Amino acid sequence: MIRTVAGLTALTFAALAVPPVTAADEETGFTPFTGYAAASEFSVVPRQGELVFFPCSQCHEFMEPDATIRELMSPHEVEFKHGQGRFWCYACHKLDNREQLVAVNGEPVSFDDSHLVCGGCHGLRHKDWAFGAHGKRQTSWTEDRVIYNCTHCHDAHDPVIKPREPMAGPGVRTGLERVAPERHEKPKVWQRRDSQEQKHEQ
Amino acid sequence: MSNDSQKAGDKFDQARRGFLEKLGKAAAGAGAASALPAPAWGGASFLEAFGDMFNKQYKKMTRKEIDAALSRIRRRALRQYGVEIDCDDTPPQENVVFGYAINISTCQGYRDCVHACVKENNLGRDSQVEYIRVLEMDQGTRNLEEADHYYDPDTVPVEGKYYLPVQCMQCDDPPCVKACPVEATWMEPDGIVVIDYDWCIGCRYCMAACPYWARHFNWSQPKLPPEEINTKTHYLGNRPRPRGVVEKCHFCIQRTREGGQPACMEACPTGARVFGNLLDPDSEIRYILENKTVFRLKEDLGTEPKLWYYTD
Amino acid sequence: MQSLFRFLLDGAREALRGGSMYRLWCIGLLVVAAFGTLQYIEQLRHGLMVTGMSDQVSWGFYIANFAFLVGIAAAAVLLVIPAYAFHRSDVKEVVLLGEGMAVAAVTMAILFVIVDLGRPDRLWHMIPYIGRFNFPGSLLAWDVVVLNVYLLLNLCIPFYILYSRYRGHAPSTRAYFPFVVLAMFWAISIHAVTAFLFSANSGRPFWHTSLLAPRFIASAFASGPALIILTLQVLRRVTAYPVKQSVIDMLAVIMMIAMQINVFFVIAELFTDFYNEGAHAASIHYLFLGMHGFDALRNWIWIALLMNLVAMVILTVNPWRREMRLLNLACVLGFVGIWIEKGMGLVIPGYIPTPLGEIFEYFPTGTEFAIALAIWAIGLLMFTVMAKVAIAVETGRMRAPPPSHDLAVNPEG
Ligand code: SF4
């Protein structure tokens, strides 16, 4: 079962969740997210221990929570590529408790369960991840399923994976040499159509 | 096969078994002597070479003969590379048929899998055999002839391209197995198509038969730096290969039969590779096959590949 | 038994005897064979890396020659059928030579497969019961069976006939005729199976065509007679053996028809692949037009096609075919043309592009040429010796001495 600290709205996952068994939380009225029907059990590689500045209270204990949008200072000079400037910190971080994240429904979420924050918007991707079609499995194929969190690979502030140098390409067997082919880029259908139209005009 | 000829074959087997047992004892003696420095001619005793030569095909060996062959393999590695390797023949697990799915919308073309495979499977470093080829494809087409095998840009992924890793598809109806004249290659109960490197005659007919270019030949003795040898090996998998035989991807049989992931999956930083048991309805791979849009390469040839591609 | 021994001894003696030209010819062949053998030892020492083959093009010059030679072997049937089935006496006089050619050709074919093996030391794995023989699953296993049986048939029938003549008996038709009939069908089967060996591979669209087997047979029946016609003329000149012109005329007609059909098949193939050029056509496109700047085979295949066309025209025009010099030209052109078309022109493009679309060209190395030459030399030598002995027996030069006392007691000999 997912080690869920907090839940997401049943609404977000209306079609996907298995809420009937779990009763709504009396205090908050939220139905905690307990996973998808028929998804095999898994646990998530903890993340919190890897965070450089954790616990955040080290500093934030001495600061007043301030929700105004302003220029960020060291050590948090992040550029928000995520959402192309539509978000401010507290879309994901809990304003009144920096030790935690916050789900779309306002529920606090541990850094170890950050996928619950991501899944709030990226529902289908989250489902694929929970079933194993997205993301990476840590352990073997047969034992307990331990999978990596979204934020292991994606920088939450700039989630697109950066291009990287590829490793060396193939060689040919000892004693032979490869001659590179002359590549004529074959025009795509739409490119072909374009040049034909130009011909007509002429 | 008629009963008579079957019997004749059995008799021959018995005779040979007796002979080989004696041989084995002699070889064990030679092994005991190997504490002494190896002689100048490399340390392969005549009997040892003889035992290699008359190895039976793996599936026809008795337990005893397999053990003898395994220890011969270990001694050979020690002789050739000066490395103590561990070679076993872990059997397939019950109710397991392996399958693989690769997410081509996630694959970035890093080739990390290729190089992890080379290390894991003791592939000759000079011979340039690689079990995996990552093809750089033009967006908007799946024509393999337009693929670039040798792409080498500063960074990947390149705009307008996508990447298609190709390796042995472990076909369920493998044309290479049908082609082999001496049954040196076959499909194991867990679906892995394996090769007995000590039985293959190197005719390369299977290479002609394979529609995926998955089979590779040892044109020369593969060179392995001793310090880089992976000492955990399997008889049908990554044990050091001799010259003149064919080899190919075996889903890292030495790992996966013990529950591990194939090295390529472990190495893939994008998580594009999903490996698992096709017979387990709760497995990730089954979810993918039943819920995502999947395709297989050259499906029309009817070879029933057990490696699928899918997209997000 | 004794007479068999004497037959073999006499045969050996006959083979060693001969004029200076004969000796020079044999020694020349032996030298070529010896040089190639040395190269083969090099290949054994270093592995097949001494060849130009690669994972991309994993069969090369050796298998190309193999495919061609199986055709030559099969073509012997063109003498066998008229000789034994239609009882043409003129053909009967030379049929043994045809069978000798078949033996030499099959031996060469088998040698070409053996030198192509990565592990010739494990050849015994193919022997049923001792090894594991994947029959009937593997087409290569089929080929091993049909080639060896064909070799055996073509060894035994002439041997029986020659041995009978040697002892002054007339060979009994009842004894060998069933085998002759078998050999007729077998000849077709060896070549069909060899074609199936290629066309079985659905992953290689260039080979995967049902036209391949008919094409193989047609080209075999064109190249085979070409070689026989040339050989018979050589024999007519260097030995006193009378070869009737009618045999050559018959073979020329067969070659004409076969060449016409062969050219037609090539055209059919070209049309089907090029009219609507799909993935199936990639290899043929590479072969005839080149691809991405690679065109190693392009000139060769056009030359071969041209040779075949010229040969076909010469053969088709009646007066030209009867002009011996033109006929010989047609034979040489047809033989070389088909050797290119069916050898390198068939085997290599099957691998280009690879199933993954890579183009990696193949060039045979000197070692491959030397080994191939050696095999051809061995085949020629075999044929020379067999023809010499056969002619000696047929012309009555080699005969068992009149039966002595002890032999008369034991008629079996
Ligand atoms: S190369 Fe080896 S595995 Fe392949 S068909 Fe020949 S004997 Fe079989």
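Two strands count as paired if DSSP finds at least two bridges between them. Keep that in mind as you look at this predicted model, where B:Y100 has B:F275 in β10(B) as its bridge partner.

- Strands of a sheet pair through backbone hydrogen bonds, and they can do so parallel or antiparallel.
- Here, 4 strands of chain B make an open sheet, in the order β10-β2-β12-β11, and the pairing is mixed.
- β10 (273-277) and β11 (294-295) of chain B each have a single partner strand, so they stand at the edges with one side lacking a neighbour in the sheet.
- Strand β2 (residues 98-103) of chain B runs antiparallel to β10(B), and 5 bridges join the two.
- Lying across β2, β10, β11 and β12 (307-310) is helix α9 (residues 284-291) of chain B, which runs at about 110° to β10(B).

**The two domains**
- Chain B splits into domain 1 (3-88) and domain 2 (92-312).
- Where they meet, 18 residues of domain 1 of chain B are in contact with 19 residues of domain 2 of chain B.
- About 1700 Å² is buried between these two domains of chain B, with carbon and sulfur atoms giving 58% of that area.
- On the domain 1 side, B:Q57, B:Y58 and B:Y81 lose the most area to domain 2 of chain B, together making up 37% of what that side buries.

**Around the ligand**
- The residues surrounding the ligand include B:C180, B:C200, B:C203, B:C206, B:R204 and B:R215.
- Sorted by class, the shell around the ligand has 8 nonpolar, 2 polar and 2 charged residues.

Technical notes. Residues are numbered from 1 along each chain as its sequence is written. Chains are lettered from A and ligands numbered from 1 in the order in which they are written. This is a predicted model: local features need pLDDT of at least 70, side-chain atom pairs count only at pLDDT 80 or more; totals for chains, interfaces and linings use all residues. Side-chain values use heavy atoms; hydrogens and water are left out. A residue is near a molecule or strand if one of its heavy atoms lies within 4 Å of it. Ala, Val, Leu, Ile, Met, Phe, Trp, Tyr, Cys and Pro count as nonpolar, Asp, Glu, Lys and Arg as charged, and the others, Gly among them, as polar. Contact means heavy atoms within 4.5 Å. Axes are lines fitted to C-alpha atoms, for helices over the stretch in contact, and angles run from 0 to 180 degrees between N-to-C directions. Domain bounds come from an automatic or database domain assignment. Buried area is the accessible area (1.4 Å probe) that two parts lose on being put together, summed over both.
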